[in-house]
Number of protein chains: 6
Amino acid sequence: MLTRKNNRAINQLRPIKFTPGFTKNAAGSVLVEFGDTKVIVTASIEDKVPRFLQDTGKGWLTAEYSLLPGSTDKRVSRDRGMLVSGRTQEIQRLIGRSLRAAVDLTKIGEKTVIIDADVIQADGGTRTASISGGYIALCEALKDFTPSPLLEQVAAVSVGIIDGEILLDLDYSEDSNADADANIVMTASGKILEFQVTSEKKPFNMEQAIKILETGEKGIKDIIAIREQLHLLPSQP
Amino acid sequence: MLTRKNNRAINQLRPIKFTPGFTKNAAGSVLVEFGDTKVIVTASIEDKVPRFLQDTGKGWLTAEYSLLPGSTDKRVSRDRGMLVSGRTQEIQRLIGRSLRAAVDLTKIGEKTVIIDADVIQADGGTRTASISGGYIALCEALKDFTPSPLLEQVAAVSVGIIDGEILLDLDYSEDSNADADANIVMTASGKILEFQVTSEKKPFNMEQAIKILETGEKGIKDIIAIREQLHLLPSQP
Amino acid sequence: MLTRKNNRAINQLRPIKFTPGFTKNAAGSVLVEFGDTKVIVTASIEDKVPRFLQDTGKGWLTAEYSLLPGSTDKRVSRDRGMLVSGRTQEIQRLIGRSLRAAVDLTKIGEKTVIIDADVIQADGGTRTASISGGYIALCEALKDFTPSPLLEQVAAVSVGIIDGEILLDLDYSEDSNADADANIVMTASGKILEFQVTSEKKPFNMEQAIKILETGEKGIKDIIAIREQLHLLPSQP
Amino acid sequence: MLTRKNNRAINQLRPIKFTPGFTKNAAGSVLVEFGDTKVIVTASIEDKVPRFLQDTGKGWLTAEYSLLPGSTDKRVSRDRGMLVSGRTQEIQRLIGRSLRAAVDLTKIGEKTVIIDADVIQADGGTRTASISGGYIALCEALKDFTPSPLLEQVAAVSVGIIDGEILLDLDYSEDSNADADANIVMTASGKILEFQVTSEKKPFNMEQAIKILETGEKGIKDIIAIREQLHLLPSQP
Amino acid sequence: MLTRKNNRAINQLRPIKFTPGFTKNAAGSVLVEFGDTKVIVTASIEDKVPRFLQDTGKGWLTAEYSLLPGSTDKRVSRDRGMLVSGRTQEIQRLIGRSLRAAVDLTKIGEKTVIIDADVIQADGGTRTASISGGYIALCEALKDFTPSPLLEQVAAVSVGIIDGEILLDLDYSEDSNADADANIVMTASGKILEFQVTSEKKPFNMEQAIKILETGEKGIKDIIAIREQLHLLPSQP
Amino acid sequence: MLTRKNNRAINQLRPIKFTPGFTKNAAGSVLVEFGDTKVIVTASIEDKVPRFLQDTGKGWLTAEYSLLPGSTDKRVSRDRGMLVSGRTQEIQRLIGRSLRAAVDLTKIGEKTVIIDADVIQADGGTRTASISGGYIALCEALKDFTPSPLLEQVAAVSVGIIDGEILLDLDYSEDSNADADANIVMTASGKILEFQVTSEKKPFNMEQAIKILETGEKGIKDIIAIREQLHLLPSQP
């Protein structure tokens, strides 16, 4: 049977830590740690919306993601604004869609919330850490809106298959060896926002797909429990 | 209960048609039609591989996708090579990953197969049509390799939720109204290569996620049955 | 004496075919075939004009051209929007100028007609096929304007010199061997809109230049005769 | 009848002046003046060739053209390297093709001659001035090659139609009013390298096309006569 | 007389803090704080050099700098790789030149040290903080080279003129009001590497220029004293 | 002791020449020569300002700089508009800041003066020649504004250290060997606008920094004296 680093159980998260208010200029800010993965997520608010929302009274939320060059063992090149790589684009679209689902954008007026997730140390699961932490930065940035535009808590976690086992919250060395990997985004009440599972080395069957979903649901409940201890999240309707 | 155009059943495909050899300069070529969605897919072979595969003896497969400007009701701007949009990048990465899973790349030497999917008429499901048709262009392009590098047939289909109903193979007007939509890529033997489901308007529950997968599996079997009547696909090992 | 493929006479066109309405989302659409050269041309109409025409009441017509990657024997890279190659830019400017001459732009209001010529199979003469076919897509797109903004039919053909002979409508293998090649654009009444002749391998003399023009004129009359059999072109004033 | 500035005859050039060696760092350099049009043309030689000529023993010649921002009445934006405008691309391709025809590239080895034409004051005919002057910079840059790789003198001039008259060497105000304009590139022995004629406002007929060519030929002979007085051009084989 | 925040003296630094080893994947890493300015600086080493150093046996050092979007009050757009702003380019060139002066590049072989300075919270003096902190990341990254390629300690500080007073280490609000500002880079032994002083609102005289230099020298000595308490810097030759 | 070309004294300028009105389309224009360095500088005026100045009633001044490809011994690539190199960006920012200090921008209304400095022959000191010449083009462009928006004359010069000697106005071969080099921008009344000194090969001490400044001041006085003989500069308030 497969042994994980620090004897982690197959459905156990890495140690997770949130440091809200990590920097002070952005409207919301947090340092998220999922084991050795560390991401600074900020939320900023701008008084404009994309063209397709002008004069609708509705707001928008978008996200940008980057790996800082020194965040990985082998330095990564900086992404280049409009010239961002396909991987980066997929991740920022995922973060954006996931956190948009957490907000009633008709309640913020014609403003845009911009989530910036900058990975300072990468060890797997950076996109799910960005979503799980981004929700905190988002809450801080929106705390003065009345009534609260927040709908429901959102969190995300990764799951993978290695040697037939379904593992929760892969670190980088696990991720590199996974036959398939998945990202799941859910709300506090257990609704699914996003489920993506990809065979990296080996296709999988329907039963495994379902098991992955269930493992992800377990992980998301654990993340939400940790986050609630921070007492900074708004109570939900 | 929801009525579909042409009285289509909720788990029924649109009329599907493949025209292999649609153009003659590329190594493989097909015109794929899923209802009113029409895509020209070609497969070309180049005698070089990306840097990370040089001197490994292995080949590669990659994909490019574009909507021709006149393919939609309201003209779309041309994608711009390196400056392709996030949506396009996601689609070409999905097509590439899906068709790579159909080939044993150690059997083609240091060559790159490039799949080009150009949508000439768009009516929903262009990415899944591109994968389902791309497999045919790929077979034609690889027909002279001995032993055949092909592993197993691959096909793809979309599924969505509208008003709580699970619908197979959405057309554009259905897709625009879907609460959630999904893309599924599977092999002929029923293994899953890729499953992506996203809530567009409303989150969904675990039971619905499973129902979507099952509906997709049914659709993929139907596509493979149609494709086998072409008798141009290689017999699989 | 030089023998052409299929015993074509030196001043004879390849088999020419127009399939109007080839796709259905754009305002106008045609599949043009000049021998093995196949181009999909669409015409779309947008409710805006370039800055230099704003508030003038006049419209505009512009063109984009691309070779689909699989249209040639050796795959061509996709052109890149703003980063299009010099060859592509020359061709799209030529198509635009030629078809602008066919329309009274003061009669369409502040709208822009965009002609998109996408070559799906390339065998020489793609730019002249695009103009000759583009005129049909243009007619379809403008058919509801009253009074008709169309001025006069426009068509185009290529001519070249090989071994001292003047040849009409070169295919790719002829074009590659030509000492000089030319593109001619004319109206139905025999007026010249554009004449470009370039020595590729050998300079030529005045007499040859004139002979090229006359051969082109003969070809354009033949194209217009074929096109008129379609009965879809508006009668001209 | 049409009166030209300074009572110029319709088939008369503007005052033309060449200042060879205008700058001293490039291998060849000239200031060309066609009336108020002033262009600095340099020729530089690099020890490399484009990929398609590597290991063939042959050389290459290419050209770049720019309008300096302050060269026109209303400042023009700088062209942007790879992002050059279509107009600029057409011009640099024309200059390159024309001057390539003046050199036997098999006699310079695997080197590239780069012609840079930078317009410091624009008053019409900048591309033909660039070619006519570029030939001088080219001669200077190649003067140490033995045997001389130069084939034959090359020069260029513009011609246009205004109110039915055929005018030689248009200045900017004439060019703006022309019904059609043309550029002609010829050799000293009267062979045509390039002839492009475009209707700007009105189509023209065959007879006019021929008259344009003849007028251009007259102008080119005049330019060559002026240039020969410089005594710096190599005697041709 | 001018009062500074926290009653800082005019020639007094803000509280300065270095946290070496702040992240663990890069070869060297530090969190630098100059008051509320916080910068993560990493040093990575790659086994290649720019083309102009290939086959010379010498190494290189280069730097990249960015403001994270959430680092400022009003969100800043991400710099775009090759499309970085002029301000960013100036800063990264300054950081690179300054730290190159600290290393004997002939002692590291054909390797490139890349310094990445990412500002997570901006409050003035980010470029001088990046240099002062960058030196620490550089030491860590080079600690295993024998003999040490390090030459001499390098540090940097800003100085400005407000209302005629010369102030050390400006924060953002001071910087915005400065009549002139300067950046000074020096070695531990008091040699000047770089001195840039610019009048922002008012020109200044020679005497002031000299006073600025002396104030900078005092600040740099203070920074070096703080840094030496870390005991992680190599003893210098 | 160090001997300079043409027996120039260490604190002596090269022969300096200004040719105002060198081209005639731009609002102001000059050919500046500092020895063999030759720069065409034009000043153009546009009826718009950057966004941050809209509706303030104030104007702006900005600068662009380029080396023409043939201006150097070894051809330089054209800068690419938005993709200009870091060196070019630094230079254009310096020219812009320096000349902005010469104008009261509240007196020109919402207009932008654009200074274009195009180096046609490069032999060191191109940025300081551009500033010193640019001031003349600026005066010509602003000559019709009443009251004159000009504040005070501005000029610039370079200084360097070679073998411990402080040299004024380095040519290219001196610049390549300098241990340190500096650029100084001053007003006619001796106020400093900009002083940048960088150690290229060897750090320098405080005393040398001061000597550099004094040498620069001497050179700037000499340039201003030469320029005043032109009698085209406005008398200052």
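Mentor: Start with the rule. Rings of Phe, Tyr and Trp (its six-membered ring) pair if their centres lie within 6.5 Å. Keep in mind that this is a predicted model.

Trainee: How many aromatic pairs are there over all chains?
Mentor: There are nine.

Trainee: Take Phe195(A) and Phe195(B). Are they stacked or edge-to-face?
Mentor: Edge-to-face, because their planes stand at 75 degrees and the cut-off is over 60. The ring centres are 5.8 Å apart.

Trainee: Why does the pair join two chains?
Mentor: Because Phe195(A) lies in strand E9 of chain A and Phe195(B) in strand E9 of chain B.

Trainee: Is Phe195(A) buried or exposed?
Mentor: Phe195(A) is buried, at 1% relative accessible area. Phe195(B) is also buried, at 1%.

Trainee: And what about Phe195(E) and Phe195(F)?
Mentor: Their centres are 5.8 Å apart and their planes at 75 degrees, so that pair is edge-to-face. Both residues are buried.

Trainee: New topic. How many residues of chain E are in contact with chain A?
Mentor: 33, and they meet 33 residues of chain A. The two chains bury about 2,700 Å² between them.

Trainee: How many salt bridges between chain E and chain A?
Mentor: 12. One of them joins Arg75(E) and Asp116(A), at 2.7 Å from N to O.

Trainee: Which strand gives the most to that side of chain E?
Mentor: E5(E), with six residues.

Definitions and conventions. Residues are numbered from 1 along each chain as its sequence is written. Chains are lettered from A and ligands numbered from 1 in the order in which they are written. This is a predicted model: local features need pLDDT of at least 70, side-chain atom pairs count only at pLDDT 80 or more; totals for chains, interfaces and linings use all residues. Side-chain values use heavy atoms; hydrogens and water are left out. Rings of Phe, Tyr and Trp (its six-membered ring) pair if their centres lie within 6.5 Å; planes under 30 degrees apart count as stacked, over 60 as edge-to-face and the rest as tilted. Helices (H or I, at least four residues) and strands (E, at least two) are DSSP runs, numbered from the N terminus. Buried means under 20% relative accessible area, exposed over 50%, partly exposed in between (1.4 Å probe, protein chains only). Contact means heavy atoms within 4.5 Å. Buried area is the accessible area (1.4 Å probe) that two parts lose on being put together, summed over both. A salt bridge is a side-chain nitrogen of Lys or Arg within 4 Å of a carboxyl oxygen of Asp or Glu.
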